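The sequence and the coordinates come first, and the discussion follows.

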Amino acid sequence: MTTYYQPAAANFHTAPHHAQRQRGYRICDECGAVETPAVKFRLCGGCMTTQYCSQDCQKVHWPSHKAICQHTAMQVKQATAAGAHTGYADENLARCLRKFTSAHNALLGWAGFQALQLKRVPANVRQNALLIELSYHNHVESHRRFSIASTHVVPRTYIRDPLVIADIQRREERCRANGGIGTLVVIIQCGATSQVMPVEVDPPAKITWDSRDDWAQVLAHFVESGRTDFKPISTTPRGVYYG
């Protein structure tokens, strides 16, 4: 079973008309506006993942969002109902996985960028995806109920759900139209339940993150320590900074 999830906070693409925004901020899936302390975004009540700056944007986006929204809600419902038969102690595995993805969205997007070596080979974004397999553990905090079991670079054809593929393609077209290189896909999987996290990516020249060969170890460290404060390291002419 595949549960689709798109955390808007994991969007690393900076559209020209929002050039001042920082990567990692929550963005409206319709107009691309950036969340601020004064303007808190609303979640779609159906899938509880896509975010909007206003009710008007949510209404405008509904025709294109309807299919994937209903699909996501149904998959989460089915995964929850089947929880008692999965071998995991927590029957809400799908919901815990969604919370885990949300808590670690910056880390997961960065790991995908490093794993696919997008700074050196941008074309990889169209061909491959990062698959992160998790192990489940009981813990009072939902985002700490998982540890990294393994990571693999897999072909994008690993994703077979037509609605998920169509939604990724929509985001990819939007990203390229605004000057990005495409949509990086990260698949987070635990047992038979998985979530797909698409990340719209700027051209490598606009991303100053250092390339790291030890990205898998960094990923495991932050996940297993329960830290959710990850910030990429960037080396620029002005020095080293985080974020």
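## Salt bridges, a helix and the cores

Asp229 and Arg227 join their side chains in a salt bridge, with an N to O distance of 3.1 Å. The model is a predicted one, and in it Asp229 counts as partly exposed because its relative accessibility is 43%, while Arg227, with a relative accessible area of 36%, is likewise partly exposed. Salt bridges that share partners also build one network, which joins Asp29, Asp167, Arg170, Arg171, Arg174 and Glu200. The structure holds 11 salt bridges, and three of them are set out below.

| Salt bridge | N to O distance |
|---|---|
| Asp229 and Arg227 | 3.1 Å |
| Arg171 and Asp29 | 2.7 Å |
| Arg120 and Asp213 | 4.0 Å |

The side chains of Arg171 and Asp29 meet in a salt bridge at 2.7 Å, N to O. This pair links distant parts of the chain, since Arg171 belongs to helix 5 and Asp29 to the loop between strand 1 (2–4) and strand 2 (42–43), 142 residues apart. Both Arg171 and Asp29 are buried.

In the salt bridge between Arg120 and Asp213, the closest N and O atoms are 4.0 Å apart. Here too distant parts of the chain are linked: Arg120 is in the loop between helix 3 and helix 4 (124–127), whereas Asp213 is in the loop between strand 7 and helix 6, and 93 residues separate them. Arg120 counts as exposed, because its relative accessibility of 55% is over 50%, and Asp213 is exposed with a relative accessible area of 70%.

Helix 5, to which Arg171 belongs, covers residues 162–177; with 16 residues, it reaches 22 Å from its first C-alpha to its last, close to the 22 Å expected at 1.5 Å a residue. Which residues of helix 5 are buried? They are Val164, Asp167, Ile168, Arg171, Glu172 and Cys175. Seen down the axis of helix 5, these buried residues fall within an arc of 140°, so they line one face of the helix. An α-helix has 3.6 residues a turn, so residues three or four places apart point the same way. On the other side of helix 5, Pro162 and Ala177 are exposed. At the start of helix 5, the backbone nitrogen of Leu163 has a side-chain oxygen of Asp161 within 3.0 Å, and the helix is followed by Gly179, whose phi is positive, near 95°.

The largest nonpolar core has 36 residues, of which Trp110, Ile132, Leu134, Phe146, Leu184, Ile188 and Leu219 touch the most other members. Two or more residues of this core come from each of helix 2 (93–103), helix 3, strand 4 (128–136), strand 5 (146–155), strand 6 (182–190), strand 7 (193–201) and helix 6 (215–225). A second, separate core of 10 residues includes Ala129, Leu131, Val154 and Val196. Leaving aside neighbours within four places in sequence, Leu134 has contacts that include Leu97, Phe100, Phe146, Ile148, Ile188 and Cys190.

Gln114 has its place in helix 3 (residues 105–115). Gln114 is buried, because its relative accessible area of 6% is under 20%. With neighbours within four places in sequence left aside, Gln114 is in contact with Asp210, Ser211, Arg212 and Trp215.

Technical notes. Residues are numbered from 1 along each chain as its sequence is written. This is a predicted model: local features need pLDDT of at least 70, side-chain atom pairs count only at pLDDT 80 or more; totals for chains, interfaces and linings use all residues. Side-chain values use heavy atoms; hydrogens and water are left out. Helices (H or I, at least four residues) and strands (E, at least two) are DSSP runs, numbered from the N terminus. Buried means under 20% relative accessible area, exposed over 50%, partly exposed in between (1.4 Å probe, protein chains only). Contact means heavy atoms within 4.5 Å. A nonpolar core is a set of buried Ala, Val, Leu, Ile, Met, Phe, Trp, Tyr and Cys residues joined through side-chain atoms within 4.5 Å. The expected span of a helix is 1.5 Å times one less than its number of residues. The arc is that of the directions from the helix axis to the C-beta atoms. A polar contact is a pair of N or O atoms within 3.5 Å; within protein, one must be able to donate a hydrogen and the other to accept it, and residues adjacent in sequence count only if both atoms are side-chain atoms.
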